Amino acid sequence: MLTLGCHLSASKGFLSMGKEAVSIGANTFQFFTRNPRGFKGKDLDLEDCKAFVEFWTENNGGKIVAHAPYTLNACSADERTRELAHMIMSDDLARMEHIPGNYYNFHPGSHVKQGVEIGINYIVDLLNEIIKPEQKTTVLLETMAGKGSEIGRTFEELKTIIDRVECKEKIGVCLDSCHVFDGGYDIVNHLDEVFEEFDKVIGLQNLYAIHLNDSKNPLGSHKDRHELIGKGNIGLQAITSFINHAAVKSLPIILETPNDIEGYKKEIELLRSLEKK
Ligand code: FE
Ligand code: FE
Ligand code: ZN
């Protein structure tokens, strides 16, 4: 069975997210570690974490994905902005130890006018400071659409970062179907070739999770606008091949489509019906 779920609101805590996921047929989910705009994190409720871990194990839940606030910029030219990213990400990782063995996904950042090389240096420095060899969480770099000066549009950029992270077993990639398509990787007509390239450049053993979104815009548009499954430029046929691809089918697959909870439930049902057994 596919490990499939969607992005959920974290406002009521972990146990509540776990129950909501199960109620819509999901066996994974994603959540923001804190308000993506405000940065403020609630105090961690350890009882809630414990109750969630128990509930999730009983229900055979898969690995879940925490998403860092997307407003962070680990490679900003501004030192205070970089320090904020450092502070928040290390605090998030400390919290994640209470729901051990899961994933922490973040957007590598935008180099603005500094250039890719300097941007990557900042990201690598930050990761080497915050990733501890004994931590139970794997940090994931998200593939980006290449909007503005976003780092992480090409597999090569992600590979350069991974190569320089000291703790190799705690770093990996989360591939976003809308982002790679917007970034110019043709998963509609050349799905096998895209994954062959991923394997050649980064290595499929470094792929840990998937964001599954259709795209409002055509291939290579660098826009990053998610669309409902089957309603965008990727389309249902390509998405069916995608979720059944050997590189994808055993990973946690997270929907980030423009939906309410009912809509997510329907998309999960649809995708489960398209799984080739
Ligand atoms: Fe994201
Ligand atoms: Fe995403
Ligand atoms: Zn996106």
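Tutor: Helix axes here are lines fitted to C-alpha atoms over the stretch in contact. The model is predicted.

Student: OK. How do the axes of α4 and α5 cross, and within what distance do they come?

Tutor: Helix α4 covers residues 116-130 and helix α5 covers residues 155-164; their axes come within 9 Å and cross at roughly 40°. That angle makes α4 oblique to α5.

Student: Is the crossing of α4 and α5 left-handed or right-handed?

Tutor: Right-handed.

Student: Which residues make the contact?

Tutor: From α4, Val 116, Ile 120, Asn 121, Ile 123, Val 124, Leu 127 and Asn 128 take part. From α5, the residues are Glu 157, Thr 160, Ile 161 and Arg 164.

Student: And by class, what does the contact of α4 with α5 have?

Tutor: Six nonpolar residues, three polar and two charged.

Student: Are Cys 6 and Cys 49 buried or exposed?

Tutor: Cys 6 has a relative accessible area of 0%, so it counts as buried. Cys 49, at 1%, is buried as well.

Student: Next, backbone angles. What is phi of Asn 60?

Tutor: Near 55°, a positive value in a residue that is not glycine. Most residues other than glycine have a negative phi.

Student: Where does Asn 60 lie, and is it buried or exposed?

Tutor: Asn 60 is in the loop between α2 (46-58) and β3 (65-67). Its relative accessibility is 66%, so it counts as exposed.

Student: And what is phi of His 222?

Tutor: His 222 also has a positive phi, near 55°. This residue sits in the loop between β8 (214-215) and β9 (226-227). With a relative accessible area of 31%, His 222 is partly exposed.

Student: Last one, Leu 204. Where does it lie, and what does it touch?

Tutor: Leu 204 is in the loop between α7 (191-201) and β7 (207-212). Leaving out residues up to four places away in sequence, Leu 204 touches Phe 195, Phe 198, Asp 199 and Ala 247. Its relative accessibility of 29% makes Leu 204 partly exposed.

Student: How far apart are the C-alpha atoms of Leu 204 and Ile 254?

Tutor: They are separated by 18 Å, and the two residues are 50 residues apart along the chain.

Terms used. Residues are numbered from 1 along each chain as its sequence is written. Chains are lettered from A and ligands numbered from 1 in the order in which they are written. This is a predicted model: local features need pLDDT of at least 70, side-chain atom pairs count only at pLDDT 80 or more; totals for chains, interfaces and linings use all residues. Side-chain values use heavy atoms; hydrogens and water are left out. Axes are lines fitted to C-alpha atoms, for helices over the stretch in contact, and angles run from 0 to 180 degrees between N-to-C directions. Helices (H or I, at least four residues) and strands (E, at least two) are DSSP runs, numbered from the N terminus. Angles under 35 degrees count as roughly parallel, over 145 as roughly antiparallel, 65 to 115 as roughly perpendicular and the rest as oblique. A crossing is left-handed if the near helix is turned anticlockwise from the far one by less than a right angle, and right-handed if clockwise. Contact means heavy atoms within 4.5 Å. Ala, Val, Leu, Ile, Met, Phe, Trp, Tyr, Cys and Pro count as nonpolar, Asp, Glu, Lys and Arg as charged, and the others, Gly among them, as polar. Buried means under 20% relative accessible area, exposed over 50%, partly exposed in between (1.4 Å probe, protein chains only).
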